[in-house]
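Please look at the sequence and the 3D structure shown here, and keep both at hand while reading the report.

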Amino acid sequence: MIAPERTPHATGPVAARVPTGPVAPDAPVIGILGGMGPAATADFYAKLVDATPAVRDQEHRRVVIWSDPTVPDRTESLQGRGPDPLPWLRAGAEKLQEAGATHIAIPCSTAHAFVPELLRYVDVPVVHMIDEVARHLAGAAPPVRCAGLLATDGTVGTGLYQDWLHRRGVEVIVPDARDQQAVMTAILSIKAGRRGATETAVLAAVADRLARAGAEAVVAGCTEIPLCLATTDVTVPLLDPARILARAMVALTAPI
């Protein structure tokens with residue numbers, strides 16, 4: 001759904017902006033089902049703007065954002081420790097649909113565990129972020145055949161990235177139990193607004209161990225991670241699923 005880059009990097013500004021002309025009044029509308037968390041949603045919208053080849057306001061995509069931070073914790077639900085977030089996700093998706101969204105993006109990896117059920121209640125396509133990452137890795141030149149994963153306990157435990165990447169011939173290496181606990185602690189810290197050297201160092205150290213275990217690239221499989229971890233912090237390419245999803249949304253809603 002999106003042309004792969006020459007390398008598995010999914011960061012950095014658009015190289016060149018070619019004007020496409022004003023967006024038509026009946027043009028597609030991107031719906032962002034967000035709030036998981038709010039900072040990641042704001043970051044995704046910034047990446048969507050950055051990915052758009054526009055030189056003036058009128059050439060950008062039409063976007064509706066539903067940011068609901070009251071959605072129950074996805075990891076706690078998957079582990080049987082909290083309520084099912086599906087009713088909140090359904091309500092948000094329906095509001096986006098009512099507002100005119102023609103394509104929905106969910107900039108939260110763990111929420112994708114609930115997408116199969118969510119699709120029963122919406123009539124517009126949900127662009128699957130993890131599938132886009134899998135396509136990107138497999139389509140890189142040369143293709144990435146082994147990727148490390150930094151993500152929440154819920155995402156790792158349900159095998160979301162493992163399943164989708166395996167379909168594209170990409171092996172996934174996950175942290176050991178001790179490192180996974182450190183990653184989860186760092187993610188919760190970032191969500192709490194602490195994005196300092198400590199969180200960066202923890203994530204970078206785990207990413208380095210994944211690289212030494214054979215990962216050719218590392219997927220920042222929680223959309224909070226790129227708020228604290230940059231490509232320059234790791235020894236192999238760092239993939240940002242939110243940026244990959246943003247580019248996919250721009251491509252899917254391009255003017256005809």
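## Basis of the report

This is a predicted model, in which local features need pLDDT of at least 70 and side-chain atom pairs count only at pLDDT 80 or more, while totals for chains, interfaces and linings use all residues. Residues are numbered from 1 along each chain as its sequence is written, and side-chain values use heavy atoms, with hydrogens and water left out.

## The whole chain

The chain contains ten helices and eight strands, where helices (H or I, at least four residues) and strands (E, at least two) are DSSP runs numbered from the N terminus. The radius of gyration of the chain is 17 Å, close to the 18 Å that the globule rule gives for 256 residues, so the chain is as compact as a globular protein of that length. Here the radius is taken over C-alpha atoms, and the globule rule is 2.2 Å times the number of residues to the power 0.38.

Along the principal axes, the C-alpha atoms fill a box of roughly 50 × 40 × 35 Å.

## A parallel sheet

Strands of a sheet pair through backbone hydrogen bonds, either parallel or antiparallel. In this model, an open sheet of four strands runs in the order E6-E5-E7-E8 with parallel pairing, and two strands count as paired if DSSP finds at least two bridges between them. Its edge strands are E6 (171–173) and E8 (238–239), each of which pairs on one side only.

Strand E5 (residues 146–150) is joined to E6 by three bridges in the parallel sense, and Ile173 in E6 is the bridge partner of Gly148.

## The cavities

A cavity is a set of points, on a 1 Å grid over the protein atoms alone, where a 1.4 Å probe fits but cannot get out, and lining residues have an atom within 4 Å of a point. Grid points are joined across faces, edges and corners, and a volume is the space filled by probe spheres set on the points. The count comes to two cavities of 30 Å³ or more. The largest cavity holds about 120 Å³ of space, and of the 17 residues that line it, Arg74, Thr75, Thr110, Thr152 and Lys191 are the closest to its centre. Helix H8 (177–191) and helix H2 (74–78) each supply at least two lining residues, and H8 gives the most, with four.

The second largest cavity has a volume of about 50 Å³, and its lining consists of Tyr45, Leu48, Val49, Thr52, His60, Arg61 and Val63. Helix H1 (residues 38–51) gives the most to this lining, with three residues.

Terms used. 1 Å grid on protein atoms, 1.4 Å probe; cavity = no way out; pocket = protein on both sides within 12 Å on 5 of 7 lines; lining within 4 Å.
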